[in-house]
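Work through the exercises below with the coordinates open. Each task is followed by a solution in steps.

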Amino acid sequence: PQREGLRERDAILSFWRQAMSVAEIYEERAAFSFEVFPPKTDVGMEKLCGTDGVLEKLYTLNPDYISCTYGAGGTNVGKNLEVLDKIKKDGKCTPVTHFTCIGNTKADIKEKLQTYLDHGIDHMLALRGDLPFGWTGTNGDLHYATELVKFVRKEFGDKFTIAVAGSPEGHIQCRS
């Protein structure tokens, strides 16, 4: 009986976490989350997303959301969507994509973000992103996360809940 009550409580918590945006959660309390990196191999994907995989273990801790990053310059971004699709399908918490301006034109950004929306992924962490070794600029139309946020709002309105990351001491490449 006690175990059944715990399962029912977890189902109710999961429902409410899916119904609330991360922004709404933060208005009420601190959120609890995990960040995962998409594996580069099928074996790694199975370990992360498969039956009794890492995601299943993370869900037992009732996170509010799980964010998924990808490599510098957008490497491994395809697996990012696979991981987020799995989190969305499982319905245990909100999936959040990392999204960078590195190597992206405005047209690329618009197309990629529409793909996320088409998959039901409507939360993003907007970042400039790490520059791959040897790059001196973003190799794209936008250079800072602030520009990315403005562009997303212009193109998509409030369809995305957007978070940003900041450095309390100031970013090492920022003058102000």
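The exercises cover aromatic pairs and salt bridges in this predicted model.

**Exercise 1.** Classify the ring pair Phe-32 and Phe-34 by its geometry.

Solution.
- A search of the whole structure gives three aromatic pairs. In the pair Phe-32 and Phe-34, the ring centres are 5.2 Å apart and the planes stand at 70°.
- Planes over 60 degrees apart count as edge-to-face, so Phe-32 and Phe-34 form an edge-to-face pair.
- Phe-32 has a relative accessible area of 40% and is partly exposed.

**Exercise 2.** Classify the ring pair Phe-99 and Tyr-116, and state which elements the pair ties together.

Solution.
- The centres of the Phe-99 and Tyr-116 rings lie 6.3 Å apart, with the planes at 85°. The cut-off for pairing is 6.5 Å between centres, and the angle makes this pair edge-to-face.
- Phe-99 belongs to strand β3 (residues 94-100) and Tyr-116 to helix α6 (residues 106-118), so the pair ties together parts 17 residues apart in sequence.
- Buried means under 20% relative accessible area. Phe-99, at 1%, is buried, and Tyr-116, at 4%, is buried as well.

**Exercise 3.** Describe the surroundings of Lys-79 and the salt-bridge network that contains Lys-79.

Solution.
- Lys-79 sits in helix α5 (residues 77-90). Its relative accessibility is 16%, which counts as buried.
- When neighbours within four places in sequence are set aside, Lys-79 contacts Pro-38, Pro-39, Asp-42 and Met-45.
- The structure holds seven salt bridges. One of them joins the side chains of Lys-79 and Glu-82, at 3.8 Å from N to O; the cut-off is 4 Å.
- Both residues are in helix α5, three residues apart, or about one turn of the helix. Glu-82 is partly exposed at 41% relative accessibility, whereas Lys-79 is buried.
- A network of salt bridges links Asp-42, Lys-79 and Glu-82.

**Exercise 4.** Which parts of the chain does the pair Lys-110 and Glu-155 link?

Solution.
- The side chains of Lys-110 and Glu-155 form a salt bridge of 3.0 Å, N to O. This pair links distant parts of the chain, with Lys-110 in helix α6 and Glu-155 in helix α7 (residues 145-156), 45 residues apart.
- Lys-110 has 40% relative accessibility and counts as partly exposed; Glu-155, at 26%, also counts as partly exposed.
- Glu-155 meets Lys-154 in a salt bridge too, at 3.4 Å from N to O. Lys-154 counts as exposed, with 66% relative accessibility.

How values were computed:
Residues are numbered from 1 along each chain as its sequence is written. This is a predicted model: local features need pLDDT of at least 70, side-chain atom pairs count only at pLDDT 80 or more; totals for chains, interfaces and linings use all residues. Side-chain values use heavy atoms; hydrogens and water are left out. Rings of Phe, Tyr and Trp (its six-membered ring) pair if their centres lie within 6.5 Å; planes under 30 degrees apart count as stacked, over 60 as edge-to-face and the rest as tilted. Buried means under 20% relative accessible area, exposed over 50%, partly exposed in between (1.4 Å probe, protein chains only). Helices (H or I, at least four residues) and strands (E, at least two) are DSSP runs, numbered from the N terminus. Contact means heavy atoms within 4.5 Å.
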